[in-house]
Amino acid sequence: MIKHLLYIFKTAPDEVRRSILLELLHSLFIAVPTGFLLLIIQDLFSGQASPWRLTVYVMILVVFLIGQLFVSVKTIIGSNTMTYAISTHLRIRLGTHLQRLSMGTFKQRDPGDLAAVVLQDVANFELIFGHTIGNMAGGVFATLIISIFLFITDWRLALVLLAALPLCWAMIQVSNYLVVRQGKKHVQARNETGARFLEYVQGIRHIKSFGMTGSRFSTLETALNDFRKTSIRTEAIPGPFVMTAGIVLELFFLLMLGMAVTFLSNGTLGIATLITFLIIGYRLYEPIKVLLVDYVVLRYMNISLGRVIELLKTREQSAGERLTPPRYDISFDNVSFAYHPGKNVLENISFHVPECSMLALAGPSGSGKTTITSLIARFWDTTQGAIKIGGTDVKNMEPAAVYSCISEVFQEVYLFDDSIYNNIRFGRMDATETEILEAAETAQVLDFAMELPEGIHSMTGEGGNKLSGGQKQRISIARALLKNAPVILLDEATASLDPENEIYIQEAIQQLVKGKTVIVIAHKLATIKHADMILVLNNGTVEERGTHEMLLARGGLYSHLWERQQAADGWLISGDSCLAQD
Ligand SMILES: Nc1ncnc2c1ncn2[C@@H]1O[C@H](COP(=O)(O)OP(=O)(O)OP(=O)(O)O)[C@@H](O)[C@H]1O
């Protein structure tokens, strides 16, 4: 925990220093009156009390009480300023850090868990840290000052009071061990609930259409019930330990009293000291009790803080430089790649795509086609070998510099919850209205947009849910046209479309790829017959390469896939299946 605290203290050193100083001052304003109370008692019982001395003591006490009020307000403001400075810093660091992670990291991690770190764990820290850390710093300081007063007054009784501390500490350590263990389960259950909620809301269409409302809701209900149980357990664990520690303190206080009476009877203790210990000795335990509770809460917070720091320490992609390649041919030199160490999904892949030509990637499902395009876009970095755009290794290029060379058109289109116009504009934010409308026209977006109530300014809905698959595709092509990047990565966008939309999109794509270096993932081999080169992948290796005619003549994997697709194109789904049963 100390390591984590030191880590975050470095994020806002000025606020931390100021807050600690205020806490110390606050403790001083609480502890010093205790000392004066002690002097008043001593004076009263030693018979040295004079009215003016008592008046001075009382005035000093009043000044300190007013000062305490003033410092309390400052301390609360100081600890809140520190907490929010740290949490803001953590959030900004998380934001910039997430930008620098490879796309792969996002795909690898559960999105619900990632969101929980950024939102809930930082909020958890925010909620707990400000209240506990100040109390604890103040508590330690107050205990120290009161202990010094008591030791000066009578070291024997002070020692008895303080002897309770190691016992309480041991008990709290056991409680902490259990809290940390249970706390991890609690965080896991909380994330599981978040993930199930996300799944339920995002998949509601499929859940309803497959009649799974009941079964999926019961999964969510189970997660909620688990969360309830772990929450109760997490809250319940420290209770008995903190209470027992409190009882131990009371017992040691009674023990101190017993000893004080003995010392009184054998004449080694004055009545003034006894009364001092009765009043002030009890005050010693107040900050300790607060410390015991806060320490447990702080340990729980530390689990959240640990998750935030762990995410911040995830390896960032090497930054690279803002290089602009001199030309836009693409080459793979002996590239191997593994998503998980030791399990290569691409093995020694080499090819060259000359500028302004088209390479098609074909091969069975899982052979590595998408992985090749992801590596070109630097979503991941190669495990071995180099990928070059115009002779420049993409690893030496800033990810943003790589993306600026590339336009992607995928089957799955994501649109922002904004107007059609703005969704196209995201392709190039400084584009003029004329350029945006031109791109919309070329990609045949205007055809359907003009029939909507607000034309091209109609909203697309979240993820584009107010539009059809073909319409979303056309918007994404318009966006790519506007970006006008020299390299186009196409995951054959027409594979899942109806014939009419397919024609529209084929036409739009023809416009998009003119004069560009194109890499296309082919699902329908008929669409890549005219590619300059076809790379046939199998199990992450290049099995064949050549033009359509060359590969057919070879009679290998490609011609086999081609024949299977030709046969599939002839398939018909019969509409008389019910009749056939009669
Ligand atoms: N994010 C990932 N993490 C781990 N393994 C992955 C990941 N993405 C893909 N793979 C694995 O890598 C291999 C190649 O997958 P890839 O998606 O590149 O194949 P593909 O040829 O594009 O398949 P398809 O035609 O079905 O889209 C597969 O074995 C797949 O299971």
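**Exercises on a predicted model**

Around the ligand there are 11 residues, and the closest are Tyr339, Ser365, Lys369, Thr370 and Thr371; a residue is near a molecule if its C-beta atom, placed from the backbone, lies within 6 Å of it. The model is predicted: local features need pLDDT of at least 70, side-chain atom pairs count only at pLDDT 80 or more, and totals for chains, interfaces and linings use all residues. Residues are numbered from 1 along each chain as its sequence is written.

**Exercise 1.** Determine which helix gives the most to the shell around the ligand, and state how the residues of the shell divide by class.

*Solution.*
- Step 1. Helices (H or I, at least four residues) and strands (E, at least two) are DSSP runs, numbered from the N terminus.
- Step 2. Helix H11 gives the most, with three residues.
- Step 3. Ala, Val, Leu, Ile, Met, Phe, Trp, Tyr, Cys and Pro count as nonpolar, Asp, Glu, Lys and Arg as charged, and the others, Gly among them, as polar.
- Step 4. The shell therefore divides into two nonpolar, seven polar and two charged residues.

**Exercise 2.** Describe the open sheet of four strands.

*Solution.*
- Step 1. Two strands pair if DSSP finds at least two bridges between them.
- Step 2. The strand order is S2-S1-S4-S5, and the pairing is antiparallel.
- Step 3. Strands S2 (343–353) and S5 (392–393) are the edge strands, each pairing on one side only.
- Step 4. Seven bridges join S1 (residues 330–340) to S2 in the antiparallel sense; alanine 338 stands opposite asparagine 344 in S2.

**Exercise 3.** Describe how helices H1 and H10 pack, and classify the angle between them.

*Solution.*
- Step 1. Two packed helices are described by the angle between their axes and the distance between the axes.
- Step 2. Axes are lines fitted to C-alpha atoms, for helices over the stretch in contact, and angles run from 0 to 180 degrees between N-to-C directions.
- Step 3. H1 (residues 2–9) and H10 (residues 271–312) pack at about 60°, with axes 10 Å apart.
- Step 4. Angles under 35 degrees count as roughly parallel, over 145 as roughly antiparallel, 65 to 115 as roughly perpendicular and the rest as oblique.
- Step 5. H1 and H10 are therefore oblique to each other.
- Step 6. His4, Tyr7 and Ile8 in H1 meet Asn302, Leu305, Gly306 and Ile309 in H10, contact requiring C-beta atoms, placed from the backbone, within 7 Å.
- Step 7. By class, this contact of H1 with H10 has four nonpolar, three polar and no charged residues.

Notes. Two residues are in contact if their C-beta atoms, placed from the backbone, lie within 7 Å.
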